[in-house]
Amino acid sequence: MINQLHFFLKHHPNKKRSEITSKNSGFTLIELMVAMILAVLVITPLLGFMINILDTDRKEQAKVNSEQEIQTALDYIAQDLKQAIYIYDAKGIKAIEDELPYANDAAKVPVLVLWKREFKKGVIGGSFDGSNDGFVYSLAV
């Protein structure tokens with residue numbers, strides 16, 4: 001046992017144990033600064049890319065919503081035109097022109113006049129089969 005202790009003391013360097021462990025125990029300030037700079041150089045473009053993607057997604061959602069609203073309005077107009085019974089031409093508009101508000105002002109004359117046919121439940125004087133359901137005509141200008 002004494003021989004082994006003598007061997008370790010002879011072949012061991014003269015450094016203290018605390019000096020050996022403190023050399024390998026952490027990073028230097030320069031290493032930390034370099035790592036932080038590299039992290040900033042990598043994270044900054046990725047953050048810009050993510051902001052660009054989120055902005056593009058927001059714009060596309062707004063575009064889709066407005067297209068859906070336009071399609072809904074066009075469907076409503078198409079439904080009204082499908083239910084139209086008669087569309088007045090210029091001669092028909094002239095015949096009812098005296099009854100229109102602002103009849104003397106040429107800028108206030110309607111462009112399109114039609115009768116809209118709607119099915120209503122409980123209308124007095126409905127069909128001949130005894131039910132109170134029937135069609136109602138409304139003038140759309």
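1. Two salt bridges are counted in this predicted model, a salt bridge being a side-chain nitrogen of Lys or Arg within 4 Å of a carboxyl oxygen of Asp or Glu. Side chains of opposite charge can pair when their charged atoms come close.

2. Aspartate 55 pairs with arginine 58 at 2.6 Å, N to O, and with lysine 59 at 3.5 Å, N to O.

3. Aspartate 55 and arginine 58 are three residues apart in helix α3, so about one helical turn separates them. Aspartate 55 and lysine 59 are four residues apart in helix α3 and are likewise separated by about one helical turn.

4. Aspartate 55 is partly exposed, at 26% relative accessible area, whereas arginine 58 is exposed, at 52%. Here buried means under 20%, exposed over 50%, and partly exposed in between (1.4 Å probe, protein chains only).

5. Isoleucine 30 also lies in helix α3, residues 29-82, and is exposed, with a relative accessible area of 65%.

6. Four helices and three strands make up the elements of the chain, in the order α-α-α-β-α-β-β from the N terminus. These are DSSP runs numbered from the N terminus: helices are H or I, at least four residues, and strands are E, at least two. Of the 141 residues, 7% count as buried.

7. Residues are numbered from 1 along each chain as its sequence is written, and side-chain values use heavy atoms, without hydrogens and water. As the model is predicted, local features need pLDDT of at least 70 and side-chain atom pairs count only at pLDDT 80 or more, while totals for chains, interfaces and linings use all residues.
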